[in-house]
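User: I have a structure open and would like to talk it through slowly. Could you take me along the strands and helices?

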Amino acid sequence: MDKTVKIHHAKTHLSSLIAEVEEGREVIIARAGKPVAKLVPMKTQGKIRRHRLAGFLRDKIRIGPDFDDPLPEDILSAFRGERD
């Protein structure tokens, strides 16, 4: 649920408002009763930063049996800058 505060309140309580935003809430800052800004959590790679759980992709990703096979020579030479 969004929380709306006046600019003066936002200036004097910025640290506590940021703590609320870090917990996932959004804070709207208003001047004369009209919304002018919104504090929202920063997103990382398109998602809100959360703790990762080890193994959450288990059984969803498969690595092919040829994963460790050497690359073809024409591709390797391109990586080395030996061809355009």
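Predicted model: local features only at pLDDT ≥ 70, side-chain atom pairs only at ≥ 80, totals over all residues.

User: What order do the strands of the open sheet have?

Analyst: The three strands run in the order β1-β2-β3, with mixed pairing; strands here are DSSP runs of E with at least two residues, helices are runs of H or I with at least four, and both are numbered from the N terminus. Two strands pair if DSSP finds at least two bridges between them. The edge strands are β1 (3-6) and β3 (34-39), each of which pairs on one side only.

User: And how do β2 and β3 pair?

Analyst: Strand β2, residues 27-31, pairs with β3 in the antiparallel sense over five bridges, and Ala 30 stands opposite Pro 35 in β3. In general, strands of a sheet pair through backbone hydrogen bonds, either parallel or antiparallel.

User: Switching to Thr 4, is that buried or exposed?

Analyst: Thr 4, which lies in strand β1, counts as exposed because its relative accessibility is 54%, where exposed means over 50% relative accessible area, buried under 20% and partly exposed in between, with a 1.4 Å probe and protein chains only.

User: Which residues does Thr 4 touch?

Analyst: Leaving aside residues up to four places away in sequence, Thr 4 touches Ile 28 and Ala 30, a contact being heavy atoms within 4.5 Å. The C-alpha atoms of Thr 4 and Ala 37, which are 33 residues apart along the chain, are separated by 9.8 Å.

User: Now the helix, which residues are buried in α2?

Analyst: In α2, residues 14-22, the buried ones are Leu 17, Glu 20 and Val 21. They lie on the same side of α2 because they cover an arc of only 100° around the axis, the arc being that of the directions from the helix axis to the C-beta atoms.

User: What covers them, and what is on the face turned away?

Analyst: The cover includes β1, α1 (7-12), β2 and β3, whereas the face turned away from the buried side carries the exposed residues Ser 15 and Glu 22.

User: What about Glu 20, what does that touch?

Analyst: Glu 20 is buried, with a relative accessible area of 15%, and, not counting residues up to four places away in sequence, Glu 20 touches Lys 3 and Arg 25.

Note on methods
Residues numbered from 1 in each chain as written. Heavy atoms only, no water.
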